[in-house]
Amino acid sequence: MKRFTLLSFYILALSHYLIDVSHASDSASDRQLAYSQQWLNLLHYKPTFFGNNYTSQIEDRRFFLTDDGHNNPELELAATIDAINQNQKNLMCRFPARIKWIHAQKRVHASALDNLTCPELDSWLKTINPASLTLVFPAAYLNSPSSMFGHTLLRINPGDNRKNLSLVSYALNYAANVSEVDNNFFFAFNGIFGGYPGALSIVPYYEKITEYSDIENRDIWEYELNLDKQEITQLMLHAWELKTTRTPYYFFTQNCSYLLLTLLEVARAGIDLTSPFQIKAIPSDTVRAIVDANLVKDIKFRPSSATIIEQRLLTLNKEQRTLVNAMVNNRTKLDQLKLNRLSKKSQAQVIEITYDILRYRAFATPSIRDQHAQYTFDLLAARSTINENNVWPDIDAPEHRAEKGHKSSRLAIGIGEHEGNKQLFLKFRPAYHDILDPPQSYQFGAQINFLDINLTYSENEDRINLSQLTFIDIVSLSPRNDTFQPISWKVNFGFEKKALKTRRADVLQVTPGFGVAHKASQNSMLSAFLDSRLEIGRKLENKHSAGIGPTLGYLLNTERLSAQFQLNAMRFFAGETFTHYRASAELAFHINTHASFRINIAREATFDRYTSQHTALINWYF
Amino acid sequence: MKKLIIATALAVTPFLSYADTGPGCGWGAILFEGKDGLVSNVLAATTNGTLGNQTFGMTSGTAGCDGEKTVTMSAADDFLNNNMEKVAKDMATGGGESLETLAGLLGINESDKGTFFKVTQQNFVKIFNQADTGSKQVLTSLKSIMQSDESLSKYVS
């Protein structure tokens with residue numbers, strides 16, 4: 001048996017040799033190779049809609065050798081094999097990963113690569129000297145729920161004397177290549193609809209840390225990957241192939257995280273990461289997929305500047321905190337007299353945290369930088385005279401890692417009653433998290449829902465209505481304390497069926513609000529908002545209605561139970577005019593991170609009429 | 001209404017990795033902006049990094065690119081240029097990741113790191129001199145202080 005295997009190997013090798021010499025193509029095995037998962041991955045081919053063919057997600061024609069290669073894996077493979085055999089100029093600089101792969105499949109002669117070189121590529125690889133890779137996931141940042149979507153990039157850890165110096169390793173980053181002249185509206189629009197080309201770039205990791213940890217105040221999760229040397233090389237070569245391609249960057253689908261998945265698929269044969277992310281690729285979901293594919297061997301947490309300040313302030317006593325506030329607000333000179341009353345270690349803590357807060361503020365408000373210059377220098381000078389090191393306890397990583405929370409799609413079914421009229425509900429929300437969803441891994445008080453679709457069946461109407469379609473719904477409750485005084489905000493934008501005095505109206509509404517929030521305990525918050533609302537609808541008086549009014553809220557978030565109580569009044573003063581009062585209680589019982597049971601009770605008063613609504617919903621996260 | 005649309009649009013632009021966040025290199029930006037040509041240039045280069053001028057080649061700060069100096073010293077230069085504020089804070093507090101990195105780039109052995117941290121803390125005011133010291137001066141002062149220390153002099157000769 002063994003001899004037979006050996007013999008067949010010789011025959012196979014010989015036949016390959018003959019093929020190479022004759023340049024004839026072995027159509028049966030080429031066909032097999034062209035549709036092998038690795039070739040499809042290398043050229044980003046995906047089945048077409050009807051599943052009868054393949055097309056590449058890379059739209060740039062320079063990514064292919066043939067005019068039709070974009071839609072034809074077989075043709076492209078044959079052309080690449082020919083090009084290798086003909087020593088086509090520049091070939092190794094264009095497609096090193098696929099050449100190496102074809103070579104490894106023994107589809108070309110063993111010596112076929114001898115004359116194919118790319119000195120730039122060699123020196124690039126030598127400079128980077130990749131030894132291991134780390135997936136970097138900056139989590140959400142304070143008061144910006146939209147950042148919950150996050151971003152992912154790859155850190156390339158060098159294997160030479162820069163080992164263990166992660167700050168000076170390289171970050172491989174895929175981002176939309178934005179032109180600076182664009183204003184933000186077009187930025188968003190173009191970003192979502194592929195108006196910008198995506199670009200791969202390599203920057204020192206410390207630049208990314210400055211961007212995420214210091215400026216945007218996002219905690220960073222670092223997932224060390226278990227790729228071996230060969231897999232890493234293949235990934236690097238593939239990144240090189242992609243470096244000049246221009247591919248539209250799509251906000252939801254072909255974004256930073258999706259591109260990283262394609263790189264990892266090329267690196268490790270036999271894993272499928274991209275299939276579940278054809279409709280949306282939300283970074284935290286992709287991180288979860290990477291962890292589930294057993295690609296991760298170690299996870300580290302890198303707290304942001306804001307997290308460090310917040311955690312360290314908690315360890316100070318009242319006297320220290322009072323002094324910190326005075327020193328932060330004074331901003332001119334050290335209060336040496338008061339400092340001297342403290343122990344050396346306490347002094348060091350007070351000075352350091354004062355410095356950190358001022359620096360944090362300088363990032364938030366660049367105009368105060370100059371005023372701070374001398375003072376911050378004096379603070380450090382004073383700190384350097386205190387011979388106390390490591391004055392702070394370690395910062396613990398959050399109990400729930402970024403990828404441990406609920407998945408971002410939500411489907412809900414439920415029953416309800418509105419003034420004795422029975423209702424059935426079906427709701428779907430593709431992304432992402434609301435304030436009453438299972439809280440693990442998500443930021444407390446932050447909510448962002450995209451495309452929340454609600455269908456309602458009402459007994460008395462005996463039909464199914466699209467009762468609500470929310471395009472976007474953001475709430476950012478950002479608690480205030482002695483040190484930080486952020487403004488909380490929210491905005492909701494979408495279609496809604498609205499009950500008026502004698503009729504119902506379909507309205508397009510936008511509801512922005514601003515307010516303040518305070519923590520009542522570690523896991524509860526009180527908030528007060530001033531909301532405004534603009535509605536546009538054919539059936540409204542003068543086709544519109546504009547209102548303003550306060551909302552008071554209490555929010556509780558625990559692993560088993562989340563609850564929200566709200567009181568709201570709104571005076572509609574223009575167009576359709578009326579006043580609306582609402583009191584509501586919502587309770588969510590979390591079964592686990594995949595399912596949650598929710599009860600809503602609301603009582604409303606409009607047009608001198610009181611109505612009640614009760615609903616019970618079961619939510620699935622998937 | 002228009003403002004609101006823009007506000008909404010702003011809110012929905014997270015993972016495009018849009019980094020128009022102004023000068024962004026810590027204390028260097030706070031203190032030295034516009035005062036030291038080199039630092040300003042580096043700052044300008046780094047903050048424009050994700051906007052338009054993307055590069056796939058090597059950026060300074062991670063590997064040596066200056067032929068006149070040794071690779072490590074050049075990398076240390078670049079790193080310091082870009083991380084002045086963090087290095088300063090680490091020196092004042094007697095340690096930290098940025099100072100650890102600088103020590104690594106200067107080739108300082110594990111056994112001498114403690115001394116390096118201690119010496120730079122004690123000499124913080126000499127190294128940074130005043131609030132508007134430029135990064136070149138910082139490196140010069142740092143080298144001369146290391147020169148006069150018994151166990152650190154071998155790293156700057």
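Visitor: What share of the accessible surface of chain B belongs to carbon and sulfur atoms?

Guide: The accessible surface of chain B comes to about 6,400 Å². Accessible areas come from the Shrake-Rupley method with a 1.4 Å probe, and for residues only the protein chains shown count as cover. The share of this surface that belongs to carbon and sulfur atoms is 51%.

Visitor: On what basis are such values given?

Guide: This is a predicted model, in which local features need pLDDT of at least 70 and side-chain atom pairs count only at pLDDT 80 or more, while totals for chains, interfaces and linings use all residues. Residues are numbered from 1 along each chain as its sequence is written, chains are lettered from A and ligands numbered from 1 in the order in which they are written, and side-chain values use heavy atoms, with hydrogens and water left out.

Visitor: How many helices does chain B have?

Guide: Helices (H or I, at least four residues) and strands (E, at least two) are DSSP runs, numbered from the N terminus. Along its sequence chain B reads α-α-α-α-α-α-α-α-α. It has zero strands, and its helices number nine.

Visitor: Within what arc do the buried residues of α9(B) fall?

Guide: Buried means under 20% relative accessible area, exposed over 50%, and partly exposed in between (1.4 Å probe, protein chains only). The buried residues of α9(B) are Ser135(B), Val138(B), Leu139(B), Ser141(B), Leu142(B), Ile145(B) and Met146(B). Seen down the axis, with directions taken from the helix axis to the C-beta atoms, these residues line one face of the helix because they fall within an arc of 165°.

Visitor: With which side chain of chain A does the side chain of Glu85(B) make a polar contact?

Guide: Glu85(B) is in helix α5 (residues 84-93) of chain B, and at 1% relative accessibility it counts as buried. A polar contact is a pair of N or O atoms within 3.5 Å; within protein, one must be able to donate a hydrogen and the other to accept it, and residues adjacent in sequence count only if both atoms are side-chain atoms. At 2.7 Å, the partner of the Glu85(B) side chain is that of Arg359(A).

Visitor: Which side chain is joined to that of Asn157(A) by a polar contact of 2.7 Å?

Guide: Asn157(A) is found in strand β4 (residues 153-158) of chain A and, at 10% relative accessibility, counts as buried. Beyond its neighbours within four places in sequence, its contacts (heavy atoms within 4.5 Å) include Asn129(A), Thr134(A) and Ser169(A). The polar contact of 2.7 Å joins its side chain to that of Arg155(A).

Visitor: How are the rings of Phe589(A) and Phe597(A) arranged?

Guide: Rings of Phe, Tyr and Trp (its six-membered ring) pair if their centres lie within 6.5 Å; planes under 30 degrees apart count as stacked, over 60 as edge-to-face and the rest as tilted. The whole structure has 19 aromatic pairs over all chains. In the pair of Phe589(A) and Phe597(A), the centres are 6.5 Å apart and the planes at 25°, so the arrangement is stacked.
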